[in-house]
Amino acid sequence: MPPVEARPCVDLAFARDATGRSYLGRQYVGYPVHVGRALHVDGSAPDLCVVYLQSVSGGLFEHERLAGRIEVGQGARAHVATPASTIVHAMQGGSATQRMQLVAQPGALVEYMPAPLILFPGSHMASDVEVTLADGAVVVVADSFLPHDPDGGQRSFSRLESAMTVRDANGQLLARERMCIDGENWLSGNAGANAGLRMHGSLWLLGGSADAELLEVLRALPEVDGALAGASHLPNAAGIVFRALAVDAVRLERIMHAAWAAARSHHTGSAPALRRR
């Protein structure tokens, strides 16, 4: 059978008004996504428009094919996240796919930071993010996962596929990465040097002044007991990728937040204000 085409479920466009405040100028939403009210709740960046995407279906299920698009206009600043982790439910040999396009116009700030995926036993998840990066734009993307057996056992997810593609405004490829993890090998500790740390996070810091100063700040973050982290430059001056492994979700969240705060401070001069999801 031919592959099932992904179904658009969210399309958001942010813009900047005459006062410099960013707002949600256009939205389309379809099942299973609910778009929350546009908020301005970050005390360190009152012009930043914050939107939460909420699943109304209880997670991702076998054979779902979802797609989304977020565009942030020139000089606008937007933070898009989820209020909680998304469960990828058990499957019977099939998979679920989620694709997201992020478009950052000149001088825009885009933070796409969904909470980690929770991979149930037998789940097979394919995640694909494509970023279009104009001059002077900054894009931050969080991509994390947590294996979990709700019965308290050691059953593993089946497979996780993750892809990140970064292009400039002319469509020129700047960076591309594909990751594929076999669940059984990951939980057994045979999937590379994960040191038994099963919670995984990636933070993509794209565009802007992806320079040696930010890289050194990320590499000098305080150590978190039960976690490992590192950072490296991407090719073609596309940005920096920060990666973390942790023994549990709390430690992973702590170190990912520290990296995000460091990046926000570097690009804007102030760290993000703490707030509940």
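In what order do the 7 strands of the open sheet stand? The order is β2-β1-β5-β8-β11-β13-β14, and the pairing is mixed. A strand here is a DSSP run of E with at least two residues, numbered from the N terminus, and two strands count as paired if DSSP finds at least two bridges between them.

Before I go on, the basis. This is a predicted model, in which local features need pLDDT of at least 70 and side-chain atom pairs count only at pLDDT 80 or more, while totals for chains, interfaces and linings use all residues. Residues are numbered from 1 along each chain as its sequence is written, and side-chain values use heavy atoms, with hydrogens and water left out.

Now β1, residues 7–16. With β5 (residues 65–72), β1 pairs in the parallel sense over 7 bridges, and Val-10 has Gly-68 as its bridge partner in β5. With β2 (residues 22–29), β1 pairs in the antiparallel sense, also over 7 bridges; there Ala-13 is opposite Arg-26. β1 and β2 make a hairpin with 5 residues between them, and Gly-20 in the turn has a positive phi of about 95°.

Further along, β11 and β13 (residues 159–168) pair in the parallel sense over 10 bridges. Leu-133 has its bridge partner, Asp-168, in β13.

Next, the cysteines. How many disulfides are there? The count is 0, where a disulfide is a pair of cysteine sulfur atoms within 2.5 Å. Cys-9 is in none, and the nearest cysteine sulfur, that of Cys-49, is 18 Å away.

Last, the lining of the largest pocket. By class, this lining has 19 nonpolar, 11 polar and 3 charged residues; Asp, Glu, Lys and Arg count as charged, Ala, Val, Leu, Ile, Met, Phe, Trp, Tyr, Cys and Pro as nonpolar, and the others, including Gly, as polar.

Key. Helices (H or I, at least four residues) and strands (E, at least two) are DSSP runs, numbered from the N terminus.
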